[in-house]
Amino acid sequence: MRKVTGAGVALAGTIALVAVSIVGLFSSFNRVTNAAEDRKQNRVFVSDASNLLSSLVDAETGQRGYLLTGDTTFLDPYLAVRDSINNRLHALRRRGTSRAAQQQLNRLEPLVNAKLQSMTTLIALRRSGDLATVQARVRSGDGKRLMDSARVVVRALVDIENAALGEREAVFASNLRNLFIGISGASVFAVLFAAALAYLFWQRARVEGAGLVHAQTQHLLRAQEDISAQLRQANLRLADGEERLAVTMNSIGDAVLTTDSTAHVMRLNPVAERLTGWTSQEAAGRPVDDVFHIVNKDTRQLATIPVAQALERGTVQGLANHTVLIARDGSERDIADSCAPIRSKEGAVIGAVLVFRDVTEEYGVQQALRDSSALIETVL
């Protein structure tokens with residue numbers, strides 16, 4: 001009874017440790033979430049600042065196009081920036097939390113407004129037809145100086161936020177590491193809790209009836225042994241079937257190539273290896289047209305491999321005459337073949353078997369006979 005009581009005390013202690021670990025995990029998770037949000041805000045700030053400068057450059061380019069041509073379509077970028085600049089600057093102020101960033105924004109805002117005012121003045125002068133004043137203002141270089149100053153400030157803003165991003169990356173990594181440590185600790189505590197719970201139940205079961213536990217254990221062991229024996233038998237049957245299949249294929253005098261239902265090579269017998277130049281291991285998993293490369297002997301055009309038709313139609317397919325197999329080393333052989341689908345017990349097509357043979361010598365004999373007959377006919 002004292003053992004059971006001791007196990008209960010250990011269980012209570014483990015539960016307390018797990019509870020503390022869970023609280024710590026929630027705290028670490030919140031810190032990781034906050035750090036991730038800070039990183040996101042940094043990236044958005046850098047992107048917005050860069051986009052603002054890019055939009056200002058586009059507006060200036062459009063303004064120059066208008067000054068040169070008088071075409072108002074060039075003013076679209078300028079109008080877009082003019083109408084949205086206040087909101088964009090406000091968004092940058094809201095995201096730029098550091099004091100240094102706010103100082104740079106204090107410098108940037110009057111520069112941007114001055115640049116927009118300069119463009120507005122030049123556009124108004126161009127509309128009034130005062131081209132001389134427009135040219136004089138452009139030659140003064142005031143607009144360029146304003147834009148250069150804005151570029152410097154935006155670059156400083158980006159540098160400040162990138163430095164802050166680096167610090168926040170370090171904080172994020174530290175919080176993530178702490179979260180991982182917390183998860184590992186909680187896992188250990190959970191294992192301890194499970195072990196303690198299992199030990200407590202085991203003690204109680206032992207006190208209540210050791211015989212019942214023993215009988216149940218024996219029953220489980222017998223069931224496990226039965227399952228293991230069945231698995232061993234299944235593995236033996238599978239290995240025996242594989243061995244018989246390999247012996248059968250190796251004993252066939254013709255070349256044999258098998259594929260799965262997607263026309264990828266599964267196995268080659270030695271004759272097929274010799275004719276194609278591919279070993280079974282090298283060809284396994286490759287598309288069949290990579291290994292079994294055939295062309296028409298007369299036209300040298302690619303010939304249709306019958307595997308696809310056998311898989312699609314579920315019927316035996318054969319090659320047309322005058323088909324040449326080009327081996328991996330470039331050598332060529334006249335072949336004849338047939339392809340049949342492989343079906344499961346349920347009748348579904350699960351692959352194809354391609355049987356082919358080298359008929360180069362046969363074709364040579366037939367050609368010699370034809371040549372001899374033609375010669376005799378010519379002599380007669």
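Start at I326, which is buried, with a relative accessible area of 17%. Buried means under 20% relative accessible area, exposed over 50% and partly exposed in between, with a 1.4 Å probe and protein chains only. This is a predicted model, where local features need pLDDT of at least 70, side-chain atom pairs count only at pLDDT 80 or more, and totals for chains, interfaces and linings use all residues. Residues are numbered from 1 along each chain as its sequence is written, and side-chain values use heavy atoms, with hydrogens and water left out.

**Stop 1: around I326**

Stay on I326 and show the strands. I326 sits in β5, residues 323-326. Helices (H or I, at least four residues) and strands (E, at least two) are DSSP runs, numbered from the N terminus. Next, show the contacts of I326, meaning heavy atoms within 4.5 Å. Leaving aside neighbours within four places in sequence, I326 touches H293, V295, R300, S331 and E332.

**Stop 2**

R300 counts as partly exposed, at 40% relative accessibility.

Move to A263, in the loop between β1 (255-260) and β2 (265-268). Phi of A263 is also positive, near 65 degrees, and A263 is not glycine. A263 is buried, with a relative accessible area of 18%.

**Stop 3: the cores**

Select L56, I85, L108 and L116. These have the most contacts inside the largest nonpolar core, which has 33 residues. A nonpolar core is a set of buried Ala, Val, Leu, Ile, Met, Phe, Trp, Tyr and Cys residues joined through side-chain atoms within 4.5 Å. At least two residues of this core come from each of α1, α2 (76-95), α3 and α5. The largest share, 10 residues, is from α3.

Zoom in on L116. Beyond its neighbours within four places in sequence, L116 is in contact with L56, Y78, V81, R82 and I85. Another core, of 25 residues, lies apart from the largest one; A263, W278, L311 and L354 are among its members.

**Stop 4: E60**

Go to helix α1 and select E60. Is E60 buried or exposed? E60 is buried, with a relative accessible area of 7%. The side chains of E60 and K115 are joined by a polar contact of 2.7 Å. Such a contact is a pair of N or O atoms within 3.5 Å; within protein, one must be able to donate a hydrogen and the other to accept it, and residues adjacent in sequence count only if both atoms are side-chain atoms. Outside four places in sequence, E60 is in contact with K115, M119, G143 and M147.

**Stop 5: the largest pocket**

Select Q63, L67, L122, V134 and V138. Among the 18 lining residues of the largest pocket, these lie nearest its centre. Which helix gives the most to the lining? The answer is α4, with six residues. At least two lining residues come from each of α1 (2-69), α3 (99-128), α4 (131-140) and α5 (142-251).

**Zoom out**

Finally, show the whole protein chain, with its 10 helices and seven strands. Of its 380 residues, 30% count as buried.

Key
On a 1 Å grid over the protein atoms alone, a cavity is a set of points where a 1.4 Å probe fits but cannot get out, and a pocket is an open set with protein on both sides within 12 Å along at least five of seven lines; lining residues have an atom within 4 Å of a point.
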